[in-house]
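Please look over the structure shown here before reading the briefing that follows, which is grouped by topic.

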Amino acid sequence: MKYLFSKFILFVSLIVLVGCTEDFEEINTNPLSLSTGKLAESQVLQGQAFAQAQYTSMMGLHWRFQISQSLFSDLWAGYYATTAVGFDSDRFTQVGRWADLAWGSFYGISAPQIKLVEDLARESGNTIGEAMAKVVRVNGYHRITDYWGPIPYSQYGNEELSVPYDLQSDIYQNFFTTLDEASSALSAGGSSFAGSDRMYGGNASKWRKLAESLRLRLAMRVKYVNPSLSKTQAEKAFSSGALITDPSDNATVSTDGTNRNPLETITDWGEFRMSATMESILKGYGDPRMQVYFDPAAAGDSDGDGIPYEGLQNGQTKVTLGTSQNAGHSDVNVFYRDVAKGGKNPPIDVLRASEVHFLLAEAALAGYNVGGSAKSYYESGIKVSMKERTGASDADIAAYTSSLKTPVSFDGGTTPAVSSIPVKFNESNNEIALEQIITQKWLALFPNGWEAWAEARRTGYPRQYPRAASDNPDVPKDKIPARMIYTSSEFTTNGEAVKAAISSSELGGSDKNSTKLWWNKK
Amino acid sequence: MRIVSKAKTFLCLILLSTGFVFSQQRNVSGTVTDDQGVPLPGATVIVQETNSGTTTDFDGNYTISAEDGQTLIISFVGYATQEITVSNSSSYNVALQSGNALDEVVVTSLGIKRQKRELTYATQNVDSEGIDESRPNGNLVNSLQGKVAGISIQTTSQGVSSASKVVLRGNRSIAGSSQPLYIVDGVPLGGDITDLSPDDIASISVLRGSNAAAIYGARANNGAIIITTKSGQAGSFSVNVNSTLTMETPNILFDYQNEYGQGSGGVFSSFSTDSWGPKLGGSQAHWSFSPDISGSIPYQANPDNVMDFFNTGMSLANNISVTSGSEKMTTYFGYTNDIRTGIVPGNELERHNINLKIDNNMLDGKLKLSSRVNYIKSTIDNQLAQWESFDNPLRHAYRLPRNIRTQDAEVFEFVDSSGNVKQNYWKPRDNGGANPYWTINRNLNEVLTDRVLGYTSLTYQINDDLSLLVRSSIDNTNFTRESRFYNDSYIIADNGNYQTSNSRSLEWNNDFLLTYDKDLSDNLSLNLNIGGNNRVNKSKGVNTNNGGLNAPNIFALSNAQNLTASQFISEREVNSLYGFGNLGYKNALFVDLTYRSDWSSTLPVENNRYDYYSAGLSAILSDFITMPSFIDFFKLRGSLAEVGNDTNPYSLERLANLESGGFISLQTTAPASDLRPEKTTSLELGFDTTFFNQRVNLDFTYYKSNSIDQLFRQDVPQASGVTSKFINGGDIQNEGIEAVLSVGLLTNTDLKWDVTFNYAANRSEVIRLAEGLESLSYGGDFMRRYQLDVGLPWGSIYSRGFERDAQGRVLMNANGTPVITSGQSVNIGNFNPDWLGGILNSFSYKNFNFRFLIDIRQGGEVVSFTKTILASDGLLAETAIGRQGGIRFGTDVYTNETPASSPTAVDPETFWTSIGGRNSPAGEAFVEDASNIRLREMSLSYGFGQSSLQNTPFENVKLSLVGRNLFFLSNNASIDPEAIHGTATANDGYEAFSLPTTRSIGLNLKLGF
């Protein structure tokens, strides 16, 4: 009897143990995460995903910003020189792991979000949201193709073990088509993702202005390689009547205590200072933006010109950097520094009104029909930038734009000035005028080194001091790198596709820092 | 529903505990001695029928309750086991014959004790003697180093109470753990072994292969370390006190130059974090901004400034244990108090460990109720951050410029003219630099853990042949950690910071086991078991980060500049049913079969079951065949096992995470579309022999295991939409041999000398990864990445290396530096050893015991990240070469390399910064041989004889002097290759600002009342 009883207990135990797998599905559901199904149901959640795309496609997080922009384009655009011993990129070495992380920051973090939001918005008939996502797509990918050239674009998200690259020429063509679609949808007005959109609070008409201003930026980028496309698109942008010409329409990604302006964090690390090129130009022009962009050097005036703003020549050797260069040179202005030290944690610049004026100036200079002269747009560009950055008076600005002052030596006379062009617009020599336009755009773009490096490659301006040394046999010290080498992660995970891109017509078999991009045809 | 299920399980327990009958039990006692009459303390006495057991005391005495007709099994490591049938006597003295280890009793699965002769797979009883004396400061498991054939133990750098990484028979799991499972009293540990008290341990045995997995589940397929804790003894009462005081010091440090100080290019700079300055001499080198450091600071060598940073570590362990018992109930109570201070100042531990084990025999021995509760409370101050974390003080201590005086650096802070407390450092606000004394005083943390382990089991002897065990066990840990960063902790917390973590993790097992044990005939014995297990693992926690402090140096959540919080959760449930059986013929031929099915919550519901099995055979040939006379005993054994495994929770669907600041981000890994359970198959063949009148024992094992269908992440083109995807793949093979040889060299009554050798060689090979995937890399940083290549052994380390021509000569740059590859494309080595070995010598002479253990590791490579940084900082001894006149590659440095072209002389600063440093070091230039031989343990003890204790309250007194890790007999690397910075597989062979391993010397006193 007892034996039977025990058998019964055993039987019960078996049932209890094996029978309760029915709640396994519930156990294996993470209550802290969202399924894609939940995301598809809610525009509010999609808006939060969209906000991530906006922030991360500008490399919002501090370390992503550092390894993608601060250590490459910011230095190669000539805004800053590095003061950290271990940062070889200022001597034109593309440190591979940084580039891998930069590539991964876009393709791994931003691109999936852009696609997700665009797809979900399209599927749910949210045409405004879809158009906004398209604009973010063009903005994000143009920055990546401007770094590397051919990149995976049209086949992004194919879920395969090989993702083909698109030629930059095809990508740019698609950008213009995409902007057509977006602009057309946005022209209906209305809003989407209002609670989450970090750029315009969901306002469709403002988004259309960004779409058309991006069109203008990209149109000028292809000026040398495809003049007719450039002219058509630039004039289309102008005739839309929807350009960002007033700073109140500036495209910026708002920041907060958690998602900060990355510059605010990394300036705190004391690893770069104002470049010698910056000092030469700002000091020479007596430019009031010098005091807004930078701080006096902690050690004061060291070159004997009586002005305590000091720039460091780029490309210093490790031995020179072995002694601290920070105190002797100007840090960025406190405005861009840590909040606790008086920083303002400003929004992240995507596209400013002043840039649009300079783009129109160049377009006019090239004979495009953009409703004004190169000189008028050049001067209005300076005015818009001065006003929003310094609050200078109209009279001061007028004096500045008519000034014949030229850049000066950065080291008190030992080294000549970086350039001899004045601010006053040259109406007789188009090349000098172009140098003036791009140099002023370079000043206005600050601290957007990503765009400034692209334009420096395309136009050759502003002129920069040669590096103290180059460690890169392909890029001599009096040149700047023309592109980024493809990352090692692509060779290991997407080898066939990246090799095909290298042997494509646009790169001609060369994957070097000196290999020119498709649009770099001046 | 689940609560109802649990309630049912407990209902079973209660129902089972009612309604049984008493029979005649009485106390049996006696003394266990060796064949010379010397008492054997710690011998095991088990009543075969009830499985109740005890161990002998210091004088070899035991008391146990048994019935007439029951069988006592008396065993002791290294002695032949004896069986005695209880008749009408109440006293049985037993003299064990030494030598025949094959009659050892081995604790196997579920706490079941089996005779070693029955086992079909390799198991090694660890000589656990001295484990409660030598007491490694880091981790209890470190005391197995050198004693188990093939065990590889690496220590992490958290300081006192660090995790260790233990591997038997090679790494096999690509994405998971290759570490063995710990079983305590038949119950798997959910947490780790670090905080268990060695005083509570009665015995340890190690199952090296995966054969135990059928009984413990998939987690045992890396082997199992089986611990039995002490129990009370019927009819006795004893109190034991064990006190150990241990001191430890670093046993290896980098070799520094002492000729040049701070600066660059031969020019002094008080800001510099490098030592490329001018030659050290008497001149003034004032670097401090502190008003408290006045006067001149000579620019002179401070050869000991790194060594000065370390303290002598101290550890004081006190244990009191009480064992008592009657025939109906036995009790073991132990309390251990540990106080430890590490070699890094401020790194301290206080631990209380209370252990209570009660065994009740009821219903005339038919029903046994056993319970154990172990409560462990630990407080760790300033657990060391690892790797290149900015709050790892070793990062800063190792990098002290050569002219920095300890007395100045010790003044780690000052008040500036504005009244702010500032860090006193030569390069204020450096990204990655800090005064190490600031770090240990101003980057503080406190870790509190409360852990409760326990079980209750009921065993009911249904009839003579059939018994049922029902058991429930938990391992629950509550963990809190608080980190306090003071203002001016550069970069990581300029405005101070306060971080907290709170978590709870639980492992809960419910088991039943029905055992049928019968001698079918005189020649045939049968043991059959059917069991079930329900396992729940659950953890959840919250981390907070203040994001800076509003009011300086007040560490409270309410003082946050930008408070963020994150939360995690993990839950898994596995149900299992299994059976295992053993059929014995003439006590000399045994067949073992096991079968198990698991149902796991982490697998797709429609395919959540996986089955595995093992089969084994052991044959005592010496009982069947006439052997040469010198062979006393010869056993052949072989077994085959296949083990399945599940995956991590929440791996089946791509989810989106909610992030602080209002973002939502898609996860970057795609789930496996068609997920199959992982499988490991292993084959094991071996023999156990005894020669020369049981003076020589040899165990030999050959094994081969293949782990296939592993679930791991494969990096995919990032533009495919995900950065990686989970795939099923892989075939990782480990093949090797293990041998344990013990020899009784001297067996005189007075003088005994035993030597035990162990040897193990493992060869791993990556046979297959996945379709189209020839290599898989993971775990990378600026220095190296870890890679698996098809056709190569497991775990190659890749880094930058020298560019070479077709003849293998190193290409040179015009400036005299070698050309370095642009990517981490050079396979610079593999950590895995060719073989591991240990030699344990044990002498006893009258009341003296002397033991020493030599531990050998041969082969493999290790690379040091610290070294690359110290090289580019101009700190290593070799960086002093050629400061005047420069160095030539291949002539002055790297003389084993041939340059492809005659190199120009280069200044060492340019040379070492081009191949060393943090961001792009050439690992090939810093790879070292990981072979070493060390004196792992040495102990000398004296046990006071009964005669000398006659007029004292003591029953026994033993005094021991114990040393661990005393010195290297040889070491080819500049670090201890055992020191790693984390237990992840990718950290093998990689040193990065690790804590030096230590030599320790301790004094141990045992008192028995």
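**Briefing**

A:A234 touches A:L216, A:A219, A:M220, A:A363, A:Y368 and A:V370, leaving aside residues up to four places away in sequence, where contact requires C-beta atoms, placed from the backbone, to lie within 7 Å. This is a predicted model, in which local features need pLDDT of at least 70, side-chain atom pairs count only at pLDDT 80 or more, and totals for chains, interfaces and linings use all residues. Residues are numbered from 1 along each chain as its sequence is written, while chains are lettered from A and ligands numbered from 1 in the order in which they are written.

**Helix α5 of chain A**

- Helices are DSSP runs (H or I, at least four residues) and strands likewise (E, at least two), numbered from the N terminus; helix α5 (residues 62-76) of chain A has 13 of its 15 residues buried, that is, with 20 or more other C-beta atoms within 10 Å of their own, placed from the backbone.

**Contact between chains**

- Chain B contributes 79 residues to the contact and chain A contributes 76 residues.
- Strand β1 (residues 33-35) of chain A runs antiparallel to β32(B), joined by 3 bridges, with B:N657 as the bridge partner of A:S33; strands pair if DSSP finds at least two bridges between them.

Conventions
Two residues are in contact if their C-beta atoms, placed from the backbone, lie within 7 Å. A residue is buried if 20 or more other C-beta atoms lie within 10 Å of its own, exposed if 12 or fewer, and partly exposed in between; C-beta atoms are placed from the backbone.
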